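Please look first at the sequence and the structure, and then follow the explanation below through a few of its parts.

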Amino acid sequence: MKQRVGIGNILESAFPPRSAGNASEAAALPGLSPTTLLEAFVPGYGAIHRFLLFSFGFDVTVLVSLGVVLWLSGRIFRSVWTIIYATVASNYMAEITVSSTDEIHAHLIAFLAHQYKINSSRRLMAETPSKSAWELDNEDTETLETTVDAKGNIKWLNFSNQEAKSQPRFTPAIGSHNFWHKGTYFQLRRKEVAMFDELGGGGAAFKDKELLTLSCFGRSTEPIKKLIQHAKAHYHLGHNAKTVIKRPAPKDMRRFGGRGSWVKIAERPCRPMKTVVLDEERKMDVLADINEYLNPATARWYANRGIPYRRGYLFYGPPGTGKTSLTFALAGVFGLDIHVVSLLEPTLTEEELGMLFTNLPARCIVLLEDIDTAGLIREPSEGEEEGKKEERGEKRSEKDWNVVDLTKALKKANQLSEEEKKKGISLSGLLNIIDGVASHEGRVLVMTTNHPEKLDEALIRPGRVDHQVAFGNATQLQVKELFERMYTNDLPRTKLIITHPSSSSPDADKIMNKNPNVKVNETLTPPLTPTNSLANGSANVNRAVVGHNSKNEKLKDEELSPDELSEIAARFTKQVPDDMFSPAEIQGFLLKRKKDPRRAVLEVGVWVEGMREVKRRGGKVVTVQ
Ligand SMILES: Nc1ncnc2c1ncn2[C@@H]1O[C@H](COP(=O)(O)OP(=O)(O)OP(=O)(O)O)[C@@H](O)[C@H]1O
């Protein structure tokens with residue numbers, strides 16, 4: 001019979017168990033000693049034990065027993081701790097949970113990412129933050145320059161490694177974390193939960209949602225509320241001089257309702273009101289009107305008189321005359337977010353639009369751009385429909401119907417309903433949402449259009465549109481203003497760098513208090529492409545960068561005094577006819593000569609003639625730029 005030969009067997013035969021006759025051994029290893037127990041559970045343990053005992057005089061059982069005792073104690077301690085913690089947590093701890101569908105979640109995560117205490121945690125999650133050009137500009141420590149080598153080759157700016165240089169953001173990983181804040185000990189639990197989410201069309205799927213639970217000792221949630229408030233303030237601190245633009249969240253997120261129905265799509269520096277070239281009186285009218293409306297006392301005034309607290313504005317005029325620009329400047333002045341809605345979005349239904357309006361913040365601007373192209377459909381009344389049929393000669397008696405007609409009619413009805421479905425929002429639906437009984441109060445609604453004459457009367461009746469502002473092509477005065485604004489010397493670029501609360505200066509609160517740990521860093525205005533230095537390089541390079549015109553080379557990048565600028569602006573303005581070009585067109589012309597006002601003066605005559613010709617022909621492709 002074949003015998004199994006293993007290491008255990010070999011050791012067994014080499015170190016057989018002592019005979020029971022050995023009295024001292026028997027006393028040391030009684031029937032239920034740890035060694036016999038281990039022998040029962042671990043095959044071959046006895047032989048190993050004897051080998052180590054005989055060879056090195058080392059009783060491994062002592063070590064193993066110690067390990068088992070420690071492991072058992074650990075288990076017992078953990079179980080006891082869990083029970084104690086659960087008892088303490090349920091009786092002596094307060095907690096607040098935040099869902100990732102709410103913006104507070106983002107505020108808290110951003111705050112915790114900044115918290116040096118969390119940063120020192122051993123379990124972090126690395127995220128690639130998406131940053132806008134403005135944020136990158138604020139963070140750039142070095143100012144890039146375009147340089148020219150000895151051979152006259154231009155070294156253009158290159159951003160190929162910008163992704164590599166960008167700093168990841170570290171946030172607390174999924175799990176538990178502890179930290180101190182303002183003398184309070186907090187526990188943070190971050191976890192993902194799968195939610196059963198019904199999708200449109202009868203489908204369903206599991207969706208991940210994150211829950212953030214903050215807890216602290218004590219029966220009051222006050223410290224957590226303060227922490228959340230602090231996180232919110234911290235988040236908004238960097239956004240004070242920014243205008244936040246939001247749009248409806250994707251369809252499956254909108255379903256949860258709440259403030260998560262809107263998502264931030266952009267955040268840009270506030271547009272100063274003075275950069276919008278518009279008749280000063282008209283501008284002041286709008287500003288005063290909105291200022292009056294937003295005053296908290298006005299809400300009471302409206303309520304006392306039973307007037308719905310809503311205000312609508314219609315900005316109308318040709319393309320590129322500043323309708324959107326004024327909306328952004330207004331948002332900056334009043335510190336409001338802009339909620340942009342496109343009524344052409346195919347997935348947006350009337351109910352959803354209504355829900356989106358009910359989830360607007362108390363004060364905000366809602367922007368409905370190009371309302372005339374929004375494809376709003378006015379449901380025809382029965383009379384109108386009959387009339388149309390008669391016009392088309394479609395009216396006939398019931399007897400006239402045959403099977404072919406019937407099939408055609410059914411097919412058409414199906415197609416129509418598909419089209420209707422795609423259109424999504426009807427005029428009556430929109431009217432209801434704007435000022436129906438359940439519609440939101442407190443918002444500023446701005447509708448823009450290039451064709452006010454195409455709008456339905458009902459849409460712009462007082463109550464829906466309370467203030468209309470006309471925009472037109474630039475007057476000569478406005479042309480001068482645009483010119484002067486383009487060539488006014490920039491003030492030194494002032495960068496506000498909020499220093500990251502580091503371990504040496506850990507107090508993030510200093511940022512929140514009015515004694516901020518804020519470093520104001522003055523740097524020069526961004527460098528110009530070195531056209532002057534290029535002039536010393538090869539003639540080819542010079543032409544490539546400078547573009548054309550060599551006559552005014554010596555005048556480039558020259559700083560103009562206010563008097564000189566005003567004089568050049570007057571010469572420029574004289575050549576631009578009143579009310580012919582939109583501010584956007586003039587801005588486009590000037591932008592191509594943004595470092596060279598005198599060149600703009602020299603070339604504007606040719607440009608005006610060329611553009612006049614293009615407009616006369618009704619063409620779209622410009623021959624002069
Ligand atoms: N009145 C203005 N003052 C200053 N800049 C203007 C003015 N009008 C237009 N611009 C400039 O022209 C560009 C387009 O302007 P804007 O989007 O505000 O025009 P709009 O009237 O909303 O156009 P559209 O009807 O096509 O939406 C912007 O870069 C803006 O700076």
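**Helices, sheet and ligand shell**

The axes of helix H3 (residues 34-41) and helix H5 (residues 60-92) come within 10 Å and cross at roughly 75°, where axes are lines fitted to C-alpha atoms, for helices over the stretch in contact, and angles run from 0 to 180 degrees between N-to-C directions. Because angles of 65 to 115 degrees count as roughly perpendicular, H3 is roughly perpendicular to H5. Helices (H or I, at least four residues) and strands (E, at least two) are DSSP runs, numbered from the N terminus.

This is a predicted model, in which local features need pLDDT of at least 70 and side-chain atom pairs count only at pLDDT 80 or more, while totals for chains, interfaces and linings use all residues. Residues are numbered from 1 along each chain as its sequence is written.

Elsewhere, seven strands form an open sheet with mixed pairing, in the order E10-E9-E12-E13-E14-E11-E15, where two strands pair if DSSP finds at least two bridges between them. At its edges lie strand E10 (262-269) and strand E15 (467-470), each pairing on one side only. Strand E9 (residues 242-248) runs antiparallel to E10 and is joined to E10 by seven bridges, and Ile245 has Ala266 in E10 as its bridge partner.

Around the ligand there are 17 residues, of which Gly322, Thr324, Ser325, Pro583 and Ala584 come nearest; a residue is near a molecule if its C-beta atom, placed from the backbone, lies within 6 Å of it. Helix H14 (323-334) and helix H24 (583-591) each supply at least two residues of this shell.

Technical notes
Parallel < 35°, antiparallel > 145°, perpendicular 65-115°, else oblique.
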